[in-house]
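I opened this notebook to record what I looked up about the ligand site and the charged pairs.

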Amino acid sequence: MLEQARLAGYQRMETPVFEDTGLFARGVGQSTDVVQKEMYAFVDKGGRSVSLRPELTAGVVRALIQHGRIGAGLVKVAFSGPSFRYERPQAGRQRQFHQVDVEAIGSPDPATDADVILVGHEIFRSLGIDVSLMLTSLGDAECRPAYRERLLEFLRGLGDRLPAEVRARAEQNPLRVLDMKDPRVRELTAGAPLIRDWLCAPCKAHDDTVRSLLAEAGVGWVDAPRLVRGLDYYTRTTFEWQAGALDAAQDALGGGGRYDGLSELIGGPSAPGTGWALGLDRTVLALERAGRLPEPPAQLQAMVLPLTPAARGVALTLVRDLRRAGLAADQPYAERSLRGHMKAAARAGARVVVLLGDDELAAGQASVRDMAAREQGQVPLDAVAARVAEIAAGPPDAGPPDPDDRGAAP
Ligand code: AMP
């Protein structure tokens, strides 16, 4: 995923896993579930309230402000790391989860929205996961307040028909009521006013441009006029990638949008920005469902087997030389039969087994066995690394090595 971001000119960065609690309260928004219910906030030994980050964008913008990188043109950054939310754990919803984050800060140009979306699109394309891009605009400080009032009026008009907790939510953050999953609420709000009909002319033009750019680049989307997302900082372009193959509770693989007011909200200069975060854990679930989870790469290229006590020092020197040559090499740390050793080497995925018996030691050589080709030959000790490298660089395994294949007697 990060390679796709690198190809698009995003630089790597890292931010701390905890920040001043006020950063998230101001940045993510007091009225959000994330801040009200899900933050791991605690007081440190200096009496400061700090929080494990519930998301990545606020920390990125804070860091760029602090290091004077805001206002100096467009900054494109990407990274991955854990985020923390005190949620009820279930499949695809953990209290510590991993996100990949892509942010473009410093430009109001709709082309930057299209750029961050395109990076995500290419990521899902390269993974082979089928997703829908749900796309909307949430307007800005010009047009959203009037719309918010209008929507609140509508929701109040529903009176007791809305459950009490939904009415309370409406008073705090009426837009959030629109993307609630409860079918009753959905039905009652079917005729609610939608922000797309209330966008001011600049927001409308911005939205139109994003859509036409995406269309030209071959990125499809689903119009999602009720999409709001759980963070308060979004303005204008807002989107989410949904995987149809997963249950509704965890079908959002990632999402993001534009956050033009965020920098000022947390005490920085004015700096428009746009970006997204993608959930790694859910992406892994989606890959599993699609039967596309890749096998983990083999851990070892070579297993070195000292077959007599006298060979142990030579074995240690050989693994050292193999590692210096950039080859992953190890040796067993237990007494076993030769058959047991070969099995263990096969389990470890070793492409090559290096055998050191009495005969080999006497000749200053080692037997080097290509586990896939089932071929074995003797090589002088100082040529073992080169021979292992040659085998490891050869054509891929014909299949998993046969653990019962003991090879020629050493
Ligand atoms: P958000 O930061 O809310 O925009 O979420 C971005 C993505 O992070 C979501 O689409 C999920 O894939 C992932 N995510 C958010 N919360 C969790 C969680 N509690 N457990 C696992 N993944 C999560």
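This is a predicted model: local features need pLDDT of at least 70, side-chain atom pairs count only at pLDDT 80 or more; totals for chains, interfaces and linings use all residues.

Ligand shell. I found 14 residues surrounding the ligand, the closest being Arg85, Glu87, Gln94, Arg229 and Ala252. Strand 6 (96-105), strand 10 (252-258) and strand 11 (273-279) each supply at least two residues of this shell, and the largest share, three residues, comes from strand 10. By class I noted four nonpolar, five polar and five charged residues in the shell.

I looked up the oxygen atoms of the ligand and found one 2.8 Å from an N or O atom in the side chain of arginine 85, one 3.0 Å from a polar side-chain atom of glutamine 99, and one 3.1 Å from a backbone N or O atom of glycine 254. Taken alone the ligand exposes 490 Å², of which the protein buries 95%.

Salt bridges. I recorded 25 salt bridges in the structure. In one of them, aspartate 115 pairs with lysine 76, with the closest N and O atoms 2.7 Å apart; aspartate 115 lies in helix 5 (residues 110-127) and lysine 76 in strand 5 (residues 75-84), so the pair ties together parts that are 39 residues apart in sequence. Lysine 76 counts as buried at 18% relative accessibility, whereas aspartate 115, at 23%, counts as partly exposed. I also noted that Arg196, Asp207, Arg211 and Asp223 are linked in a network of salt bridges.

Methods:
Residues are numbered from 1 along each chain as its sequence is written. Side-chain values use heavy atoms; hydrogens and water are left out. A residue is near a molecule or strand if one of its heavy atoms lies within 4 Å of it. A polar contact is a pair of N or O atoms within 3.5 Å; within protein, one must be able to donate a hydrogen and the other to accept it, and residues adjacent in sequence count only if both atoms are side-chain atoms. Accessible areas come from the Shrake-Rupley method with a 1.4 Å probe; for residues, only the protein chains shown count as cover. Helices (H or I, at least four residues) and strands (E, at least two) are DSSP runs, numbered from the N terminus. Ala, Val, Leu, Ile, Met, Phe, Trp, Tyr, Cys and Pro count as nonpolar, Asp, Glu, Lys and Arg as charged, and the others, Gly among them, as polar. A salt bridge is a side-chain nitrogen of Lys or Arg within 4 Å of a carboxyl oxygen of Asp or Glu. Buried means under 20% relative accessible area, exposed over 50%, partly exposed in between (1.4 Å probe, protein chains only).
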